[in-house]
Amino acid sequence: MQPTLRRLATAAATDGLKPSLALLPPIPLYRRLFRAHRKHLPTEMRLLGDEYIKAEFRAHRTTDNPVHIVGFLTEWQLYAQKIEGDSWRGEKLDPAKVQKMSDEQMGQMYELMQAIRKRHEEGGEGV
């Protein structure tokens, strides 16, 4: 039987994990992310974030590696918790996660940083 996002999340949720640490299945997590964006982010940031969520979930739809699936769902769930708690503002990236990033991911982070700086210099709301 092939592992899927839903099966792995369900298995992890019933694997004796604490309820707060149990992984949400992909579709409820997907909905929770959009709801968190709608409630806690300014419109411009929400639109950017919503597109990113859609692209990431589409890109990982056919992933078969159980470790990758659990990691993907875990990181998105942690992200949702941060957005809902407003603890993300001004937070620095974890150096261990930065070390694990690919060259492409580092390039994307650099582009994001440049866009934020440009917006801040133009008098827009900074993050």
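Author: Bear in mind that this is a predicted model. When ring centres within 6.5 Å are taken as a pair, the count comes to seven aromatic pairs.

Reader: What is the geometry of the pair formed by tyrosine 30 and phenylalanine 34?

Author: In general, a pair of aromatic rings is described by the distance of the centres and the angle of the planes. For tyrosine 30 and phenylalanine 34 the centres are 4.7 Å apart and the planes make an angle of 85°, so the pair is edge-to-face, planes over 60 degrees apart being counted that way. Because the two residues are four apart in helix α2, about one helical turn separates tyrosine 30 from phenylalanine 34.

Reader: At what angle do helix α2 and helix α4 pack, and how far apart are their axes?

Author: Helix α2, residues 26-40, packs against helix α4, residues 66-85, at about 25°, with 9 Å between the axes. Angles under 35 degrees count as roughly parallel, and α2 and α4 are therefore roughly parallel to each other. The crossing in which α2 passes α4 is left-handed. On the α2 side the contact is made by Pro26, Leu29, Arg32, Leu33, Ala36, His37 and His40, while α4 contributes residues including Leu73, Trp76, Tyr79 and Ile83. Sorted by class, this contact of α2 with α4 has nine nonpolar, four polar and two charged residues.

Conventions: Residues are numbered from 1 along each chain as its sequence is written. This is a predicted model: local features need pLDDT of at least 70, side-chain atom pairs count only at pLDDT 80 or more; totals for chains, interfaces and linings use all residues. Side-chain values use heavy atoms; hydrogens and water are left out. Axes are lines fitted to C-alpha atoms, for helices over the stretch in contact, and angles run from 0 to 180 degrees between N-to-C directions. Angles under 35 degrees count as roughly parallel, over 145 as roughly antiparallel, 65 to 115 as roughly perpendicular and the rest as oblique. A crossing is left-handed if the near helix is turned anticlockwise from the far one by less than a right angle, and right-handed if clockwise. Contact means heavy atoms within 4.5 Å. Ala, Val, Leu, Ile, Met, Phe, Trp, Tyr, Cys and Pro count as nonpolar, Asp, Glu, Lys and Arg as charged, and the others, Gly among them, as polar. Rings of Phe, Tyr and Trp (its six-membered ring) pair if their centres lie within 6.5 Å; planes under 30 degrees apart count as stacked, over 60 as edge-to-face and the rest as tilted.
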